[in-house]
Amino acid sequence: MKTEEIKELMKYFESTGIGRMRLKEGDFEIELRKTCESNDATPEVCPTPAPQPPINVVVNSEQNKQQSSKDTINSPMVGTFYIAPSPGEAPFVKVGQTVRKGDVVGIIEAMKIMNEIEAEFDCRISNILVADGQPVEFGMAIIEVEKL
């Protein structure tokens, strides 16, 4: 059975009220099961969930333009961001503070190693975008700054 056929079979299975299905074709065998959250239903007869209405989101494009024009210090890696060297200590930087190129603005813990994040240019801290202890992605903006 080809990948596309399996995907099509899975879509069909999901759209039906069938709770369990086994298909055998030559040496190929696949079994699909639905699990139910409710204790009232048996795995063979799972009720299909009611379709959820779409969520409408309004985006303020003017605000996005303003945010995109700001300079930021971005995460150089995936990890956990910390604004202070250790819990209870003073943060490396505060909003409104001026920092020089090379000053430490935070740390990112990755694989049990604390990596200091340094300012790449002279700047003033406008906003700290990430909460202390929050996970960050590679390239994610962590601090909004104003270049000097």
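Is S75 buried or exposed? S75 is buried, because its relative accessible area is 2%, under the 20% limit for a buried residue. The model is a predicted one. In this model the protein has two helices and 10 strands, and buried residues make up 24% of its 148 residues.

**Overall layout**
- Read from the N terminus, the order of elements is α-β-β-α-β-β-β-β-β-β-β-β.
- Among contacts in the protein with a separation of 6 or more, 50% are between residues 24 or more positions apart.
- The protein has an accessible surface of about 11000 Å², and carbon and sulfur atoms account for 51% of that surface.

**Surroundings of S75**
- S75 sits in the loop that links strand 3 (71–74) to strand 4 (79–82).
- The side chain of S75 comes to 3.4 Å from the backbone oxygen of E137.
- Besides E137, the contacts of S75 include V136, F138, G139 and M140, with neighbours within four places in sequence left aside.
- I108 and I142 are also in contact with S75.

- In soluble globular proteins, nonpolar side chains tend to be buried together.
- The largest nonpolar core here has 17 residues, and F81, V105 and I143 touch the most other members.
- Strand 6 (104–110), strand 8 (123–128) and strand 10 (141–147) are the elements that each give two or more residues to this core.
- Strand 10 is the greatest contributor to this core, with three residues.
- Another core lies apart from the largest one and has six residues, including I6, L9, I30 and L32.
- V105 touches F81 and I143, and also I73, I83, F92, V93, V99, I117 and A119, when residues up to four places away in sequence are not counted.

- An open sheet is formed by four strands in the order 7-6-4-9, with antiparallel pairing.
- Strand 7 (113–118) and strand 9 (135–136) are at the edges and have a single partner strand each, so one side of each has no neighbour in the sheet.
- Six bridges join strand 6 and strand 7, which pair in the antiparallel sense.
- V104 is placed opposite E118 of strand 7.

Terms used: Residues numbered from 1 in each chain as written. Predicted model: local features only at pLDDT ≥ 70, side-chain atom pairs only at ≥ 80, totals over all residues. Heavy atoms only, no water. Buried < 20%, exposed > 50% of the residue type's maximum accessible area, 1.4 Å probe, protein only. Contact = heavy atoms within 4.5 Å. Areas by Shrake-Rupley, 256 points an atom, 1.4 Å probe, with all protein chains shown as cover. Core = buried A, V, L, I, M, F, W, Y, C linked by side-chain atoms within 4.5 Å. Polar contact = N/O pair within 3.5 Å; in protein donor to acceptor, adjacent residues only side chain to side chain. Pairing = 2+ DSSP bridges.
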